[in-house]
Amino acid sequence: MKVGKITRISGPIVYASGLDSCGLYDVVDVGEKKLIGEIIRQNAGNATIQVYEEDTGMHIGEKVECNERPLSLRLGPGLVGTIYDGIQRPLASMYEDGGAFLAPGQRTEPLDSKKKWHFDATGTEGMPIAPGMVIGTVQETSSILHKIMIPPTIRGRVLKTFLGSGDYTIDDVIAKTELDEEIRLAQYWPVRRPRPFAHKLTVDTPLVTGQRVIDVFFPLSKGGTAAIPGGFGTGKTMTQHAIAKWCDADLIVYIGCGERGNEMTDVLTEFPSLIDPRTGRSLMERTILIANTSNMPVAAREVSLYSGITLAEYYRDMGMAVAIMADSTSRWAEALRELSGRMEEMPAEEGFPAYLPTRLAEFYERAGRVTSLNGQEGSVSVIGAVSPPGGDFSEPVTQHTKRFIRCFWALDRELANARHYPAIGWIDSYSEYAEEVKSWWDKLNPAWAKVRIDALNLLKKEQRLQQIVRLIGPDALPDSERLILTVAEMIKNGFLQQNAFDDIDVYSVPDKQIQILLLMMEFYEKALDVIKMGAPLLKIIQLPVREEIVRIKTTVPNDKLEMIAEVKTHLEQQMGDLEHTYRKVAAI
């Protein structure tokens, strides 16, 4: 082990001499308390180290020991359902060992090394192997079947020894290659290096979230990237919570990066009590939480995103669809800015380092839908929250993020103040995945593409008409244009707005979503025809079916969609009666 000495301390940035032969991004133990650090720059005679723990009280001259390996995560059975900090220290175990506050240098194994897991072998001794190959399974939780894979770094081609099925700890050697490489239930992987895969696939299947404004208007593909920008209190965290609870991903990785402690407390207390609608069991049985709150060391915040994406890639290689919630990338960028300032680097716009776009790209570009080395299809979908100061979307983090994502869910302050959730604004938001997922929607309902465009166009017309209404009032508009205002209000209240506290409205299946919107647009077309015959708008507004359509979201359960056909019948009857009446009037 190479040993150096501290020569300078600047907050979480420490300079040490005597580590010239250590590699960039090697992990080091800093000071007498052996704080975890990482070499981020090598100069002649001095190494620059960022320390992932609180280093208050550290002195010049304390020793630094290099571990001669990059910062890595331990990947194996026991990850799911665990709450980690940014450098994979399990917070529950840390609490049991040292109490409510993390002590500097406190260490705990990321995975339980004493617990025995039942391993069901799918391979045999002497069989040929390849990197990524599955040699057995472990039932990690009732929801997750953990596949034990040959590490990608293995060079051997044959299993010389193989213990087969049985009960083992993660440290037990279950197999050896002809090169005497040891294979265990757990493996290490560097957080900054993407895990390899065989092929990248097109992202043509939507990540179904149950949120109508997302699934129908601004869909996200499995393996896609999305950003949720919004000012304070507009509902970024709430939207991510809803997606984490209800989306059809096999595994959720939730990263609380620099957020307030009370928000992470809500997640930690709420998720274990939530029931997974697909399995009927606790949502934590398919969730990994990384908690790195704003009062934790800033350097660990910088690495927490890489930790989360590495965990996601590991389960992706098993053939799972994984969704990452990063809340928030702005706090992560602020950590980069602080560390860059400590290292006296030249700042770019608003003080952020010049390499901010590169780091954002490194994170978002690890998303995707792939064929893994073992031939299974998996995906990593990334949803990153952005917290622009004052809700200003022109600030650097939001602007650079837009370069690397294809789905933009812009939160609107006015909608949030009006208690309209999700507060995703339909004017500024967009999704570039609409063409990719069209084939999926065509199988469910071929009308999706057209009704989506028609509804969005109607909402844009409503916005322009609202500007006229503010000037001269609604009475100056003809009934055909006032109808646009009426139907837009129906879409906002009966389709876009969802109530997380309503048992029916909290989640909407795609078939129900599209049927509601189709019914609203049919109401608009029939009403427009009746207005052209001379019927006043007031008569149309007074039709009972208008309120019926708006209330479908809370009155029709997901498993009783035949009730929507009854509302459609009422619409045809009432509009037909009105049409008949005014056809007679026109004839007279």
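This is a predicted model: local features need pLDDT of at least 70, side-chain atom pairs count only at pLDDT 80 or more; totals for chains, interfaces and linings use all residues.
Strands, as named here, are DSSP runs of E at least two residues long, numbered from the N terminus.

Aspartate 327 and serine 328 are joined by a cis peptide bond, with omega at about 5 degrees. Serine 328 belongs to the loop that runs between β21 (321–327) and α6 (329–342). A cis bond also links tyrosine 421 to proline 422, and here omega comes out at about -5 degrees. Proline 422 is found in the loop between α9 (413–417) and β25 (430–431).

Now for a pair of helices. Two packed helices are described by the angle between their axes and by the distance between those axes. For helix α11 (residues 448–472) and helix α12 (residues 479–496), the angle is about 120 degrees and the axes are 9 Å apart. Angles of 65 to 115 degrees count as roughly perpendicular and those over 145 as roughly antiparallel, so α11 is oblique to α12. The crossing of α11 past α12 is left-handed. On the α11 side, the contact is made by Ala455, Leu458, Leu459, Lys461, Glu462, Leu465, Gln466 and Val469. On the α12 side, the residues are Glu481, Ile484, Leu485, Val487, Ala488, Ile491, Lys492 and Leu496. Sorted by class, this contact of α11 with α12 holds eleven nonpolar residues, four charged ones and one polar one.

How much space lies in the largest pocket? The computed volume is about 970 Å³. The largest pocket is lined by 43 residues, and the closest to its centre are Thr237, Met238, Thr239, His241 and Lys245. Which helix gives the largest share of the lining? That helix is α3, with eight residues. At least two lining residues each come from α3 (236–246), α4 (261–270) and α16 (552–555).

Key:
Residues are numbered from 1 along each chain as its sequence is written. Side-chain values use heavy atoms; hydrogens and water are left out. Axes are lines fitted to C-alpha atoms, for helices over the stretch in contact, and angles run from 0 to 180 degrees between N-to-C directions. Helices (H or I, at least four residues) and strands (E, at least two) are DSSP runs, numbered from the N terminus. Angles under 35 degrees count as roughly parallel, over 145 as roughly antiparallel, 65 to 115 as roughly perpendicular and the rest as oblique. A crossing is left-handed if the near helix is turned anticlockwise from the far one by less than a right angle, and right-handed if clockwise. Contact means heavy atoms within 4.5 Å. Ala, Val, Leu, Ile, Met, Phe, Trp, Tyr, Cys and Pro count as nonpolar, Asp, Glu, Lys and Arg as charged, and the others, Gly among them, as polar. On a 1 Å grid over the protein atoms alone, a cavity is a set of points where a 1.4 Å probe fits but cannot get out, and a pocket is an open set with protein on both sides within 12 Å along at least five of seven lines; lining residues have an atom within 4 Å of a point. Grid points are joined across faces, edges and corners, and a volume is the space filled by probe spheres set on the points.
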